[in-house]
Each structure stands twice: as C-alpha cells, then as structure tokens.
Amino acid sequence: MNRLLEIIKNREARIGVIGLGYVGLPLAVEFARVGFDVCGIDVDKHKTDTLNDGRSYILDVPTEKVKPLVEKGKLRATGDFSIISKLDVLCICVPTPLGKSRDPDVSYIVKAVDAIALYLQKNQLVILESTTYHGSTEELVLTKLEETGLRVGEDFYLAFSPERVDPGNKVYTTHNVPKVVGGVTPHCTQLAAGLYEQCIDEVKRVSSPRVAEMVKLLENTFRSVNIGLVNEIALMSDKLGVDVWEVIEAAATKPFGFMPFYPGPGLGGHCIPVDPFYLSWKARSIGFEARFIELAGMINGFMPYHVVTKITDALNRQRKCLKGSKIIILGVSYKRDIDDVRESPALDIIEKLIERGAAVSYSDPYIPELAEGHLALTSRTLDRDILASQDCAVIITAHSNVDYSLLVKHASLIVDTRNALKGFSGDHIVKL
Ligand SMILES: NC(=O)c1ccc[n+]([C@@H]2O[C@H](COP(=O)([O-])OP(=O)(O)OC[C@H]3O[C@@H](n4cnc5c(N)ncnc54)[C@H](O)[C@@H]3O)[C@@H](O)[C@H]2O)c1
C-alpha cells in the first residue's frame, strides 16, 4: 500500500482510464497534464485511433491540449485490455444508460469489471466513476474482483468517486470541481483521494462508496426535481397569464433561501433524465417509492408535448394548421454550446411534429448532421431567406453564437422555449 501511495504522490503511477468519452477523456488529459503516464482503454476504435493521432473528439478538450501529451508519450489509447496488468490505477468511466423499461443498464460496468478481473494484479487501485445506483461499487465491482482470490484493502484497493463534469462549462472543468471520494476501506479512500489530489484542487473524503454513490444521485435528483417544479410553475403561469421568466428573475433577487431553476422544453443529456431513475429503481427494490423522482420525471417528460401544443396553437392563431407547416428547430443539442444530442428534447419534439404532418428542418452550428432513430437531417445555415420561408421557428437550445435579431426580424412566428429573445418584443413571439 505504501509503495502505491508513494508512486501516486511521485506521479509515477501508470493510470488506465476505461471509457474515453465525455468523462474519461478530460480525466485522462488532467492526469497526463500533471505528469502521470496515462493509457485510455476504449472499445471504440475510432476514439483510440483519433487520440493516438494526437487529436481530440470532445468539444471541451481542445486538440492543442491533447497533441503535446500524446507526442511526449504521456497519453495514449488502446482497445487491448491486457494492458490492465501493467497499470497501477484503473478509473472506470463507461456509460450507465437506462434500459427500454427505464431500469438501470449496468452492462457496461459489468463488462469493464470482467475485463479488469481477468488482468487484476496485486496492489492495483480501482475507482468506479460512472454514475450508478447506491451499492454498485460493492455489489458489481467488489464481488467480481474478489472472485479472483485477491482481497480488497490487502491485495487491491477499491473506491467510488462520482464524476461531476459539466460539458460546455468554461469556468468549472475537471480540475476545479471538487471530487468526492469514498473507499471500501480507509486505505482505499486514502489512495484514491491521494490520486485525485495530484490534479484536482479539492477532494472531499466520505466514509464509504455508498455515501459517494448517494452524493451523485442526490445532486442530479436535486436538479431534476427542481427543474420539474419550475416546469410545473411554467405550465401554471401559462394558464394564469403570467410571464414565468419575469417571476423567476424577480424571485432570484432574494439573497437567501432561493436558487433559480429555469423551465424548458424537457430534460436532456446522459445525466439528469437518467440518474434519478437509478435511485428510484434501487429504492423500489427495498419497497420504497421515490415519489419526488417519479413526479418530476412525469412533469419533465410532459414538456415536449407542451411545446408541440404551443406551436400548434400559435400556428392556429395565424390561421395555419400544423400539418403541412414548415417548421425550423433552432438548436438540437441537449443544452447550449455543446455538440451532444443524447436524450435531447429536440429529438422528441421533431418526431412529434413530423408524426403530425409538419415539414421539419433544423439549424444547429454544433450538430451538422442529425442521424438519430428514424431521423436523418442536415443542419441549415440561418439566413433571412430560410427564416422568411418558414411558418414557424422554434428555439429549443439557445446557443450563444446565434444572431437572434435576424430571427426576430425575418421569422413570421417564433416559439421561444428558453427565453432567448428576452428584450425583444412582437406579436409573432410566443414564450414557453
Ligand atoms: N457526460 C456527462 O456530462 C457526465 C457527467 C457526470 C457523470 N457522467 C457519467 O459518467 C459515465 C460516462 O459518461 P460519458 O458521458 O463519458 O459517456 P460516453 O458515452 O461519452 O463515454 C463512454 C465511453 O465508454 C466506452 N465504453 C463502453 N463500454 C466500454 C467497455 N466495456 N470498455 C471500455 N470502454 C467502453 C464507449 O466507447 C465510450 O467511449 C456515465 O456513468 C455518466 O452517467 C457523465
């Protein structure tokens, strides 16, 4: 154990990051940046080849940051899991989606852990970073690794440390977001915390992996429930004829006891619409009904339908029907200034509009092609002719590099689900 702590503190430990996506790549880069030898392991050959070529495929990680690390030999990638036997630390950053019946799909964790078990060596530190239900580290990882005959806290070390990356956030990135760490034994916590302290400004130790798992679930459930609450207030305000955005802006002047959340067309991304259901699933398994989570899920899941109703009503007021109308969706990524469409409400809204007979196109500077499910669309460049040719423009994601004055001037009808047109007025603008 002491030798492992020593090579972690000397930054001589060889680190493996399993899963080089939105979470794994920035983490691998942070470790390599402070001097560790890092090997990313991924089943996606395109990612490993691109990285070995010195290029990034994640918007938040510039190629200029990756290239020198690859050239110095500090960062590389492989699809060959046998490398695990030569590493000192393994961080697991694989996906944790929901299955078809909205139950946790932990198959990616299971596969990654099977591979680690095959090559596990004495004195290795394994850290699970993927967001998952309470108890996963011990139930899915510890059990499997101890089947090798090696013992946790003696032969190998195991911890959970949730990732908190916020794609598109220019202020808070991997190194300055505090990291929560909970090891299976105190030694495990000490090693994992010692590792992150090398490249992350603040590390918060907790007493167990179960606490660390619950921390992440609380954080994301907090967001989902508060967004659900404000979405319900938005639906209510719409009926009452009150501008919900003005209400929130004024409420946010209270310096204590209030934190603004904003309504929108529905939840998106790999975390907020997914993670709370990992918690409610686990709670259900012990006979506990997580009511806030389910209710927030229902309200947030209703928002795309509300947006379609708003569009239909707005067209109706202009004596047009949805069927046959030309509608352009502005912004399809799940949030502003990113290139990720996973779980984006735009997909749901586009499908619902097409089902109802609308002629739908989209414009998103971050998403040149949209090939999801039955959808195969190409982004259009916003100009006055395109805007003038549409019956309705719908703002789903408000990227900061879009010229909204052009939109206000040339579109005949705009449905704004993000308050992107704050400061503009006109009968042709309809707010959420
Ligand atoms: N994206 C976020 O904003 C975010 C934020 C916090 C936490 N998380 C959590 O982090 C985890 C990873 O999310 P992500 O967004 O980076 O996912 P991602 O899909 O971007 O990346 C996951 C990577 O894992 C690879 N992979 C899948 N199975 C593998 C296996 N068996 N072995 C090796 N590689 C494998 C995939 O090819 C992919 O490159 C999830 O649990 C997610 O909930 C994500």
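Reply: We will start with the whole chain, then take up a sheet, a helix and a charged residue. This is a predicted model, where local features need pLDDT of at least 70, side-chain atom pairs count only at pLDDT 80 or more, and totals for chains, interfaces and linings use all residues. Residues are numbered from 1 along each chain as its sequence is written, and side-chain values use heavy atoms, with hydrogens and water left out.

Me: How many helices and strands are there in the chain?

Reply: Helices (H or I, at least four residues) and strands (E, at least two) are DSSP runs, numbered from the N terminus. The chain has 14 helices and 15 strands. Its radius of gyration is 24 Å, close to the 22 Å from the globule rule for 432 residues, so the chain is as compact as a globular protein of that length. That radius is taken over C-alpha atoms, and the rule is 2.2 Å times the number of residues to the power 0.38.

Me: What share of the residues count as buried?

Reply: Buried means under 20% relative accessible area, exposed over 50%, partly exposed in between (1.4 Å probe, protein chains only). Here 53% of the 432 residues count as buried.

Me: What is the strand order in the open sheet?

Reply: Two strands pair if DSSP finds at least two bridges between them. This open sheet has 5 strands in the order 10-9-13-14-15, with parallel pairing. Strand 10 (359-363) and strand 15 (429-431) are at the edges with a single partner strand each, so one side of each has no neighbour in the sheet. Further in, strand 9 (residues 326-330) pairs with strand 13 (residues 392-395) over 4 bridges. There, Ile 328 has Ala 393 as its bridge partner.

Me: Which elements do the buried residues of helix 12 pack against?

Reply: Contact means heavy atoms within 4.5 Å. The buried residues of helix 12 pack against helix 11 (291-317), strand 9, strand 10, strand 11 (369-372) and strand 12 (375-378). Among those buried in helix 12 (residues 345-355) are Ala 346, Ile 349, Ile 350 and Leu 353. An α-helix has 3.6 residues a turn, so residues three or four places apart point the same way. Just after helix 12, Gly 357 takes a positive phi of about 95°.

Me: Which side chain of opposite charge is nearest to Asp 275?

Reply: Lys and Arg count as positive, Asp and Glu as negative; His and the chain ends are not counted. A salt bridge needs a side-chain nitrogen of Lys or Arg within 4 Å of a carboxyl oxygen of Asp or Glu. For Asp 275 the nearest opposite charge is Lys 216, 5.0 Å away; Asp 275 is buried yet has no salt bridge. Asp 275 lies in helix 10 (residues 275-285). Its contacts beyond four places in sequence include Thr 131, Asn 220 and His 270.
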